[in-house]
Amino acid sequence: MSISDPRDSDEPYRDAEPPFMQAPLKAKKGRGAVSNLQGRYETLIREDIDDGWTGESLGDCERSAAVGAQAGAQPAAEMDPVPGPDGAAAWKTQIIEEQAKSILSRNKSPDVPFSISLNPYRGCEHGCIYCFARPTHSYLGLSPGLDFESKIFAKINAPDLLRQELSKASHVPEPIALGVNTDAYQPCERELRLTRRVLEVLRECQHPVALITKSSLIERDIDLLAEMASRRLAMAAVTLTTLDAEVARTLEPRATAPMRRLRTIRTLTDAGIPVGVSIAPVIPFVTEPDLERILVAAAEAGAINAGYVTLRLPWEVSPLFRQWLEAHFPDRAARVMNRVRDIHGGKDYDSSFGKRMHGQGIWADLIRQRFEKTVARLGLGIRSGRFKGLDTSLFQRPSITPALERNTGEGAGKKKSGKARDAGGQFELF
């Protein structure tokens, strides 16, 4: 019996597709990212395949469970996907508590109007596909994709760390931007209340703060913000990307609906809190047609200033966004990316100072003209100078409680004087 080479046979299926194929990308219900794209620091390359048994690859979930366990996440058993009504895997949100080592971030960027920011959370359940903070999950060994919006790290010691920072003699009061990288009012804030406790510390110290959010949950803290705003210590901005609820449902799936955000602007304004609108990002052919309508609606709701940022696609955000386009707007995906590259000098993203926020070239200039002309017609102010309206002269340095001193090592190694300290200590002199 002879054995012939199968390549010499007339087998009609010789050139057929291999039995294991790459699983097609599908939108996940309630999530912005289409996949769990590997971070740039991972050493192994993994590819999801569909072997025909499950109908959909679950490799993303399994890989995420393994990596998440290394990062201190919950056991893998609690991370199993639950089939949704659309057949996609529903990713359950996990809140991972962490003890942060520091809480205030400082920058010297000429593109932003603040130099100090505070973020109580890492990762964001809102799931905005365009979020520039997504790549930060790569530092944790997690994915900037679905992991970023389903594995949220809560800095449970944020209020205590802030009090410690503000008590230092070296701290110079200037407005703190709250919730810049990831939203300070994402869903888990309802129970954890980290943002509210941070605001309580700032109010106690009469320290100025500026907040930016997509959530109506900010209305919960109107009692604090209105009191601070009356002394020029607080202002807020609400991000509005589009007025189209259908687009918003896929673009930023777990953020407050656009019309509800307009109501939040009105509510904050009526409470005496200065509110601006942030149109970020402007996505060509997706949200860009809404530019003027957003400004008109925000002005009618009571916004006093406005700003915009064109789409930014740093690091892993670019492939994630392109996957999202193919899943939700396949008819215009190539057109959108071509225009994005026109705005960023032929690349998906140009990170150069002075260019990264608004881009360059004829199309970037056209967006700028549309924005400026509409702002002038509506009597809105440009947001670049809004931080100058906050007052830093009222700041009072807080005293650290003895318990916090022990936890942070403050005063360690110092000789006891044998004399009881005053309740407020020397900080009362300020």
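Colleague: What percentage of the 430 residues in the protein do buried residues make up?

Modeller: This is a predicted model: local features need pLDDT of at least 70, side-chain atom pairs count only at pLDDT 80 or more, and totals for chains, interfaces and linings use all residues. Residues are numbered from 1 along each chain as its sequence is written, and side-chain values use heavy atoms, with hydrogens and water left out. Buried means under 20% relative accessible area, exposed over 50%, and partly exposed in between, with a 1.4 Å probe and protein chains only. Of the 430 residues, the buried share is 50%.

Colleague: Among contacts between residues at least 6 apart in sequence, what percentage join residues at least 24 apart?

Modeller: A contact means heavy atoms within 4.5 Å. Of the contacts in the protein between residues at least 6 apart, those that join residues at least 24 apart are 79%.

Colleague: Which residue's ring lies under the charged end of R122?

Modeller: A charge sits over a ring if NZ of Lys or CZ of Arg is within 6 Å of the ring centre and within 35 degrees of the ring normal. The charged end of R122 is 5.5 Å from the centre of the ring of F153.

Colleague: How many aromatic pairs are there, and what is the angle between the planes of Y308 and F371?

Modeller: Rings of Phe, Tyr and Trp (its six-membered ring) pair if their centres lie within 6.5 Å; planes under 30 degrees apart count as stacked, over 60 as edge-to-face and the rest as tilted. The count comes to 4 aromatic pairs. Y308 and F371 form a tilted pair, 4.8 Å centre to centre, with planes at 50 degrees.

Colleague: How many residues apart are Y308 and F371?

Modeller: Y308 is buried at 7% relative accessible area, and F371 is buried at 3%. Y308 belongs to strand 14 (residues 305-310) and F371 to helix 12 (residues 362-378), and their separation is 63 residues.

Conventions: Helices (H or I, at least four residues) and strands (E, at least two) are DSSP runs, numbered from the N terminus.
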